[in-house]
Amino acid sequence: MTEERLIKRDRMRYIKNSLAANLALLGILFDVFYFVKIYQSDVGTYYYTILIGASIVYNLVFLLAVFLASEGVKNYKSGYTWLLAAIGVGQIVRIFIIPARAHATTTLVNGETVAVMGNGTFVYVVVLLLLSAACLLASAAVNFIRCRELAAHLKTIETQTQSA
């Protein structure tokens, strides 16, 4: 291993894992844009269901969990890798719940049949959910790699200290 790489690894003991943390926060930002776009829609009474209530509760839990995970990965805590990965997959699954159903549904508003979610809105919210998922999965991957690298480095230091 080159000396430069060894120094970079050793610095990990003292600096934060800001890339993984910032990717998680970016995932939150894309989810907030999704949240705003979905809940600003008012097409008849379609969105006045228990599903929307559950979605709001999920969004609150999502925001809290991902923020907590962003703080955890900042400090190289490997357990948050799996939380971020699971929530990232959850963001992909969410595409098939509200957006897909709303896009495939029509409702009666003022005597006219209208689409609950138009094509443009559907594409926009799907892209937001995919971007959020990509950021969360990338954050999980970065944290996984860096945690393993730091653990290996700490083990090397411990071995060197014991043999000295």
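Good morning. I begin with Asn110, which sits in the loop between β1 (106–109) and β2 (112–115); helices (H or I, at least four residues) and strands (E, at least two) are DSSP runs, numbered from the N terminus. The model is a predicted one, in which local features need pLDDT of at least 70 and side-chain atom pairs count only at pLDDT 80 or more, while totals for chains, interfaces and linings use all residues. Residues are numbered from 1 along each chain as its sequence is written, and side-chain values use heavy atoms, with hydrogens and water left out.

Asn110 has a phi near 55°, a positive value in a residue other than glycine. Because its relative accessibility is 78%, Asn110 counts as exposed; here buried means under 20% relative accessible area, exposed over 50%, and partly exposed in between (1.4 Å probe, protein chains only). As background, most residues other than glycine have a negative phi. Tyr76 belongs to the loop between α3 and α4, and its relative accessible area of 13% makes it buried.

I turn now to the core. Which residues touch the most other members of the largest nonpolar core? They are Phe62, Val66, Val73, Leu84, Ile87 and Leu136, in a core of 16 residues. The helices α2 (18–40), α3 (50–74), α4 (79–94) and α6 (119–163) each supply at least two of the residues of this core. Apart from it lies another core, of 15 residues, including Tyr47, Ile95, Val125 and Leu129. By nonpolar core I mean a set of buried Ala, Val, Leu, Ile, Met, Phe, Trp, Tyr and Cys residues joined through side-chain atoms within 4.5 Å. In soluble globular proteins, nonpolar side chains tend to be buried together.

Phe62 deserves a word of its own. Leaving aside its neighbours within four places in sequence, Phe62 is in contact (heavy atoms within 4.5 Å) with Gly27, Ile28, Asp31, Ile87, Gln91, Ser132 and Leu136.

Next, helix α4. Its 16 residues should span 22 Å at 1.5 Å a residue, and its end C-alpha atoms are 23 Å apart, which agrees; the expected span is 1.5 Å times one less than the number of residues. Which residues of α4 are buried? They are Thr81, Leu84, Ala85, Ile87, Gly88, Gly90, Gln91 and Arg94. An α-helix has 3.6 residues a turn, so residues three or four places apart point the same way. The cover over the buried residues of α4 includes α2, α3, α5 (98–103) and α6.

I come to the largest pocket. How much space lies in it? The figure is about 170 Å³, a volume being the space filled by probe spheres set on grid points that are joined across faces, edges and corners. On a 1 Å grid over the protein atoms alone, a pocket is an open set of points where a 1.4 Å probe fits, with protein on both sides within 12 Å along at least five of seven lines, and lining residues have an atom within 4 Å of a point. The lining consists of Arg5, Lys8, Arg11, Met12, Ile15, Lys16, Tyr76, Ile145, Arg146 and Glu149. Both α1 (3–11) and α6 supply at least two residues of this lining. By class, the lining has four nonpolar, no polar and six charged residues, where Ala, Val, Leu, Ile, Met, Phe, Trp, Tyr, Cys and Pro count as nonpolar, Asp, Glu, Lys and Arg as charged, and the others, Gly among them, as polar.

Glu149, one of the lining residues, lies in helix α6. Glu149 is buried, with a relative accessible area of 13%, and touches Arg5, Arg9 and Met12, not counting residues up to four places away in sequence.

His153 is also found in α6. It counts as buried because its relative accessibility is 4%. Beyond its neighbours within four places in sequence, His153 is in contact with Leu6, Arg9, Asp10 and Arg13. His153 and Asp10 are 143 residues apart in sequence, yet 7.3 Å apart in space, C-alpha to C-alpha.

Arg148, too, lies in α6, but at 57% relative accessibility Arg148 counts as exposed. Thank you.
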